[in-house]
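Here's a quick tour of a protein model, written for someone just getting used to looking at structures. Have the picture open as you read, and stop to find each residue as it comes up.

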Amino acid sequence: MESENGIRKHQPATITVYPQHQQVITTVTVHPNDQPPVSSEPGVTYVQLNPGHFTTIGGILKLIQILFAVICMSCASPAWKPGTSWFLFVVVICFILTLFWIFAHLLSLVNSLKIGASWLSIEYGYNIVASLLYFTAFIVQLAVWAPASSYFTNSNVAAGVFALFNFVVYACATFLLHKEVKNQPK
């Protein structure tokens, strides 16, 4: 497999040059079992769909986190008490950031985008913070709604219980990422 300018010769490639910008766009077809070309320059070197990540334990946990967040948001909305405002803030922020991580893994950005820091360490830090936030959120939600007696009590208590489940899922993901960070080569 000889290569020329980072492109394997046996793979089809298209090079388009735009003279006004001096920009070169290269399209490379990578066969499923081949490693995609990687550049040492910062930035995106390739974008490749990676649905296989969601067959791993970490990928499945991300999907469960999203599912539980949707259930929490639907059960606790609208915020009838101030504690629920905090609860929904935590759930929505973690939902958005977890969606970011899902797309980062789906598009293989964690492998191809060089940002000057370890994606694994950043995701580990996010999961620690999300676990702590969910811990406070489910406690606040259950503390506010458990003693209450109103039409909205049952759905808000259910939201707190699903937040407890989501806390456990984030804690498991944090534990798995901790093991990966610990085994990561320096």
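Where is the place of Asn166? You'll find Asn166 in helix H5. One thing to keep in mind from the start is that this is a predicted model.

**A residue on the inside**

Let's stay with Asn166 for a moment. Is Asn166 buried or exposed? Its relative accessible area is 0%, and anything under 20% counts as buried, so Asn166 is buried. Who are its contacts? Leaving out residues up to four places away in sequence, Asn166 touches Ile64, Gln65, Phe68, Ala69 and Tyr134.

**The nonpolar core**

Tyr134 turns up again in the largest nonpolar core, which has 26 residues. Together with Phe87, Val91 and Cys94, Tyr134 touches the most other members of that core. H2 gives the largest share, with nine residues.

Now zoom in on Cys94. If you skip residues up to four places away in sequence, Cys94 touches Tyr126, Ala130, Tyr134 and Tyr170.

**How the helices pass each other**

| Helix pair | Axes come within | Crossing angle |
|---|---|---|
| H2 and H4 | 9 Å | roughly 155° |
| H1 and H2 | 9 Å | roughly 150° |

What do those angles tell you? Start with H2 and H4, whose axes cross at roughly 155°. An angle over 145 degrees counts as roughly antiparallel, so H2 is roughly antiparallel to H4. H2 passes H4 in a left-handed crossing. The residues in this contact divide into 19 nonpolar, six polar and one charged.

Next, H1 and H2. Their axes cross at roughly 150°, and these two helices are therefore roughly antiparallel to each other. The crossing of H1 and H2 is left-handed. Which residues meet here? On the H1 side they include Ile66, Ala69, Val70 and Met73, and on the H2 side they include Phe87, Val91, Phe95 and Trp101. Sorted by class, the contact of H1 with H2 has 15 nonpolar, four polar and one charged residues. Notice that Ala69 of H1 has a part in this contact and is also touched by Asn166.

**Two backbone spots in the loops**

Follow the chain from H1 to H2 and look for Pro78, which lies in the loop between them. A cis peptide bond joins Ser77 and Pro78, with omega at about -10°.

Then go on to the loop between H2 and H3, the place of Ser108.

**One last stop on H2**

Finish with Leu97, which sits in helix H2. Its relative accessibility is 35%, so Leu97 counts as partly exposed. How many residues apart along the chain are Leu97 and Ala130? They are 33 residues apart, and their C-alpha atoms are separated by 9.3 Å.

Definitions and conventions
Residues numbered from 1 in each chain as written. Predicted model: local features only at pLDDT ≥ 70, side-chain atom pairs only at ≥ 80, totals over all residues. Heavy atoms only, no water. Core = buried A, V, L, I, M, F, W, Y, C linked by side-chain atoms within 4.5 Å. Buried < 20%, exposed > 50% of the residue type's maximum accessible area, 1.4 Å probe, protein only. Helix = DSSP H or I, 4+ residues; strand = E, 2+ residues; numbered from the N terminus. Contact = heavy atoms within 4.5 Å. Axes fitted to C-alpha atoms, helices over the stretch in contact; angles between N-to-C directions. Parallel < 35°, antiparallel > 145°, perpendicular 65-115°, else oblique. Left-handed = near helix turned anticlockwise from the far one by under 90°. Nonpolar A, V, L, I, M, F, W, Y, C, P; charged D, E, K, R; others polar.
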